[in-house]
Amino acid sequence: MTMSFRLRLTLWYTALLAVLLLLIVVVASSLVRASVMQDIDNNLKRQGDQIARLLQTGAPRGALADILAARAEEVLPPDVYIIVRDRDRRLIYRSENLANRLIVFPELYREQAWQGRSGFYTTAFGQPGEMRVYFAPVVFGGETIATVQVGRLLTGERTLLRRLVGNLMWIILVALGLGAAVGYWLAGVALRPIQEATATALEITRTGRLDRRVPIARPRNDEIGTLVNTFNEMLARLQELFEKQRRFSADVSHELRTPLTTLLGNIALLKRWEALPAAERADMLAEMETEAERMRRMVSDLLLLSQADAGLVLARERVELDTLVLEVYRQARRRAEGRELVLMEVDPATVLGDAERLRQMLVNLVNNAIQYTPAGGRIELSLKCLGNQAQITVSDTGQGIAAEDLPYIFDRFYRADKARSRAAGGTGLGLSIVKWVVDAHWGEIDVQSQVGQGSTFRVRLPLAEPCTRAATPLPAELTAAD
Ligand code: ADP
């Protein structure tokens, strides 16, 4: 059987309370009992000793029985029983309230009395009854001449104690009932936020609405408050991720639909107009090739990004950045077409990482610079060694990026200039890949841009070792070209 946490908490709490209260009753009643018994014993001893003294002082003058008959009843309260016996256990005196009954005198105590000692014992008396008895010797002329037993029934005290414990038990029962009720209520109050969190989680599971939050009546800094806040933060994060994922899927479908539409349209045309002029036919095929090529690029970019999301582990080998920069520069020059592509300083610099990904990062940056810079513009590429960082700069004198677009250019599928990006076969994924590669190499990237003036992308990567290597002289073909 599963029991609710609230009920379990209440039961534990009530059980603990019960144990504590019972302990208090046990301790309190035995303290009361001890103190009552002490009182009774003190009184009995006082009364017994008084009788013994009376007999001692009266012994020389007459028979003990007569002395007692005259005085005992007046010195003693009526609920006290007295027996005085001589050495042969014969009765010398017995108080009237005893009628013809006797008080048991165990041999052990009788002997003690005859040896001159006094003491107490408890014995049965009547039905049902218990009697506390004090015994003492009567000593005269250095010799014990009689024993005194003074007794008192304990019935009254016993009843009183029993009633006290009985009443306390009722009080405990009521207290436990109240404690359980209050405990149950308190546990409910304490657990309410958890219940609310559970209800919210259930609602989210059922409806799929990630925008729900656990309500917070008032801010609290305790364990529950922290739990609820953490839960809500987690929901916000999930919602954000979910949204991003959803938007991403929508973007992907949208991005793929456009080239597919073009392709299918062209295919339909080609099939229908077999007698199409050769020039037009060639144009359409070229367009189809461009679109297909763009789709290919987009799909491979997407594949790379999804591997990145899944935590693709990059190689960690020594990469000579200077060599890489030279290679990329050499290849890009062929595509510059009318823009001036200039290689500035190239310091020797080695980093730890994945050569292929680093190359892709460089190519993307340089391609963008070419793409968004009109003919006649200038693009500069440089690699500088700064302490323990390598700094790659790609700057152009192109169209620039508006300030409101700057924060988003590294987002997937974000294009500041949709028409131009599309016309140039851009996928909108290039800078996302750049950002990922930089991050995966523990680097940083920043952009400065002015609309109409140009843009500067700066990447800083941690070096494998501080800059010491001698600069590789630029190959003659490169220096000669500029
Ligand atoms: P795309 O395939 O569209 O180039 P990117 O992710 O590489 O995708 O770039 C995102 C957007 O950032 C581009 O669409 C463009 O608007 C802007 N951008 C990137 N580089 C430059 C640059 N050098 N000059 C101006 N705009 C740029």
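Predicted model: local features only at pLDDT ≥ 70, side-chain atom pairs only at ≥ 80, totals over all residues.

Colleague: Which side chain has an N or O atom 2.9 Å from an oxygen atom of the ligand?

Modeller: The ligand is surrounded by 20 residues, where a residue is near a molecule if one of its heavy atoms lies within 4 Å of it. A polar contact is a pair of N or O atoms within 3.5 Å, and ligand oxygen atoms lie 3.0 Å from a polar backbone atom of A416 and 3.3 Å from a polar backbone atom of G430. The side chain asked for, with its N or O atom at 2.9 Å from a ligand oxygen, is that of Y372.

Colleague: How much of the ligand's area does the protein bury?

Modeller: Accessible areas come from the Shrake-Rupley method with a 1.4 Å probe. Taken alone, the ligand exposes 530 Å², and the part of this that the protein buries is 98%.

Colleague: Which element gives the most residues to the lining of the largest pocket?

Modeller: On a 1 Å grid over the protein atoms alone, a pocket is an open set of points with protein on both sides within 12 Å along at least five of seven lines, a cavity is a set where a 1.4 Å probe fits but cannot get out, and lining residues have an atom within 4 Å of a point. The largest pocket holds about 990 Å³ of space, and among its 39 lining residues N367, N368, Q371, Y372 and G426 are the closest to its centre. Helices are DSSP runs of H or I with at least four residues, and the element that gives the most to this lining, with eight residues, is helix 8.

Colleague: How many charged residues are in the lining of the second largest cavity?

Modeller: The second largest cavity, with about 50 Å³ of space, is lined by R33, V36, M37, L154, E157, R158 and L161. Asp, Glu, Lys and Arg count as charged, and beside four nonpolar residues and no polar ones, the number of charged residues in this lining is three.

How values were computed:
Residues numbered from 1 in each chain as written. Heavy atoms only, no water. Polar contact = N/O pair within 3.5 Å; in protein donor to acceptor, adjacent residues only side chain to side chain. Points joined across faces, edges and corners; volume = space filled by probe spheres on them. Helix = DSSP H or I, 4+ residues; strand = E, 2+ residues; numbered from the N terminus.
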